[in-house]
Amino acid sequence: TILNHNDYLSTLNDPQREAVLHGEGPLMIIAGAGSGKTRVLTYRIAHLIENGVDPFRILSLTFTNKASGEMRHRIEGAVGTEARNIWMGTFHSVFAKILRIEARYLGYTSDFSIYDTDDSKSLLRSIIKEYNLDDKTYKANVVFNRISGAKNRLVSADDYINNPAIQADDEAAKMKEIGRLYKTYATRCFQANAMDFDDLLFNTNVLFRDFPDVLYKYQHKFQHVMVDEFQDTNVSQYLITRKLSAVHRNICVVGDDAQSIYAFRGANIENILNFEKDFPDVRTIKLEQNYRSTGTIVNAANSVIARNKSQLKKETFTANEEGSLIDVLKAGSDNEEGRLVATAIFEEKMQKALRNENFAILYRTNAQSRSFEEALRKLGIKYRIIGGQSFYQRKEIKDLLAYLRFTVNQRDEEAFKRIINLPKRGIGDSTVAKIAVAASENDLPIWDVVANIGNYASGRTITPIDQFATLIKSFKILVEEGKDAYEVAAHIAKASGILRELYEDKTVEGLSRYENVQELLNGIKEFVDNPESEDKTLSAFLQSVSLLTNADEPDDNNDNDRVTMMTIHSAKGLEFRNVFIVGLEEDLFPSQMMLESRQDLEEERRLFYVAITRAEKRLSFSYAESRYQWGRLKMCEPSRFLLEVDPKFLNASRILHGPERDSSQPAASSARNLVQRKSTEYKPVSNVAPHIPSEGFVPTDTFDLAEGDKVEHLKFGFGEVTKIEVNGSDRKATVKFDLVGEKTLLLSFAKLRIL
Ligand code: ATP
Ligand code: MG
């Protein structure tokens, strides 16, 4: 849909329009969920372009690549293909692009690799081993988090080592060597011509700090800087945006302090307060009307967040309908929770003629997805899981990508370690470690050691390493000849032996791994064929995939009508008609790890607020009384968060606050009595064996259906029609099923057969 200028201004309320029309100078919008912050940013960019601002000179930073893709798409609807020229993306992707252009200033080449978290941890494990440190005290994970925390506060390895105050925490944790590990880790990354995720921000800061002419260039290139989800920027990100807009001061940030959920990764709410100090003439605009959700949902969310002590004061109201109360589903076990939720989706879909994509299941941790997957699959409801084991995290995908990475950047130590013995060439771990150390000690690229292995080693391993070097040389030639990403990758997949090895594995898993690699090759082909990719080299392709976040999973080509399952963290900014927040149990949500301080608990509560505010029309909570965790059955208490929602918004309020409530009991134990609706409504399908439809079940036309007819339903089994209601074009039948009791079905959707 093409919007013209007047159209889009007329779909905004007064303060939104004011923000869109705001001319030059700093602008900040801190407002509640669903109040149109992202919409304002989008329209503001469109408006700037309409008024002659060159899209190349607009920088817009969003939280996921998907969010920026959507924003670009909308802007394109308003201003046309010019929108493609906007500098738009996540902090990481935009600054990776700038770092590639300016790499030489920092001693990198523009082909530098990006280490993902696995690469970083693997490198740390090697170093910890080389230093003979106890890997129980020095867990790669913990060390990695310390280094990452330091980088996000812009503390370099040298700063770290020279500053006792910074080390104090780690010393207390008896990890005195973190400084040395940090230093070695940073050196090894540099020698590998690799940056980890945090480096992308850290090095951008270094670049702008040490090379004023580079900073000058970008300060004058970008005329407008926009940041969505400003509450979740860390110090490093904030400094970059502040520097970039220091000259023109056209910076517009939007966010919601109540949705700040990344403090654990260094995001800093203080940025909001600092912003007013750094830009004292900032224009602050309030948005108070929520357009996303029903009155019940907005007010329930307000009742929850009001419990947080540290928050900026703001109001949110909605003119939307009151909507239905929030359902509370109580399950005996995690499996039953899966069935209750899946059944509720099934019924709601049938009764309201909804699509799968109208539903989302949000959980605290990825591990919770299993029971929902099983239950949805049984009911034949398609779903998609965002995050978890993502496509790009699969071993076979990372293996092929490592070959591609090493072909482009022969210093890449982690890629090298992955492929040197894959497929098996009889090269052991100790040889690999020796090569890495030799390279590092002589300050040489890994490749120099590999290509001249005779100078560094003797014996049996020389031949296979030589053969490996010849193989990589042949790949490099293809790149040098100017072959595109697909030609090179397809050749490497074959010549490396990866495809053959997977092909020969005839197990189901082997087959699916083979297909995954084919799928990656298809993806590369698509990248090459896409008219929007200007640069079709392997290096450009690698850059485009190395920064995909969990929320950027490849969409199934033509089949997007799926229930979405994801963690609440990745649901930020999104909206769905019906939302299920599941696993509302103590120690799970709020997470056990977040119970130690008020700050942590408040962050969990903000997470709950984010979850609630994703829902447009209908919200449900669920919890289980027992669940399997780490292989053991565990009894669970309902989450304190269930009690923090004003009970007048809950469908279970009657039970929560009825006469049977014993006020001497701790709150959690009365929450245990929460019961969803009449339990008969859900129980049947979950507690009895599913109906197996008669052979050749074909739904019949139900137009002539009458009271007393005997019917068979695809899922509910056999029953008798007890009532027919006609309401306009809606025809409903109440059927008493043998297995599941009475159900009311919308006849245009019900899969019924008249017997
Ligand atoms: P969040 O805090 O969750 O990121 P947000 O403040 O960014 O939310 P948007 O996603 O921009 O909110 O808007 C929420 C929904 O309300 C969207 O579907 C948007 O299209 C709609 N909306 C926003 N403003 C208006 C308006 N003036 N008229 C109609 N719909 C609106
Ligand atoms: Mg938003």
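1. Both faces of strand 14 are covered. Val563, Met565 and Thr567 are buried on one side, and Thr564 and Met566 on the other. Buried means that 20 or more other C-beta atoms, placed from the backbone, lie within 10 Å of the residue's own; 12 or fewer makes a residue exposed, and anything in between is partly exposed. Strand 14 spans residues 563-567. Strands (E, at least two residues) and helices (H or I, at least four) are DSSP runs, numbered from the N terminus.

2. A caution on the source: this is a predicted model, where local features need pLDDT of at least 70 and side-chain atom pairs count only at pLDDT 80 or more, while totals for chains, interfaces and linings use all residues. Residues are numbered from 1 along each chain as its sequence is written, and chains are lettered from A and ligands numbered from 1 in the order in which they are written.

3. Which strands pair with strand 14? Strand 12 does, in parallel, over four bridges. Strand 13 (residues 383-385) joins strand 14 by three bridges, also parallel. Two strands count as paired if DSSP finds at least two bridges between them. Leucine 362 has methionine 566 as its bridge partner, and isoleucine 385 has methionine 565.

4. Now strand 15, residues 576-581. Five of its six residues are buried. Strand 12 (residues 359-363) pairs with strand 15 in the parallel sense over four bridges. Alanine 360 bridges to valine 579 there.

5. Strand 15 also runs parallel to strand 16 (residues 615-624), with five bridges. Asparagine 578 stands opposite arginine 618. From strand 15 the chain passes through helix 27 (residues 598-612) to strand 16, a right-handed β-α-β crossover. Right-handed means that, with the strands pointing away from the viewer, the path from the first strand over the helix to the second runs clockwise.

6. Another sheet is open, with six strands in the order 3-2-6-7-1-8 and parallel pairing. Its edges are strand 3 (87-90) and strand 8 (283-285), each pairing on one side only. Within this sheet, strand 2 (residues 58-62) and strand 6 (residues 224-227) share four bridges. Isoleucine 58 has histidine 224 as its bridge partner.

7. Helix 3 (residues 37-50) gives the most, with three residues.
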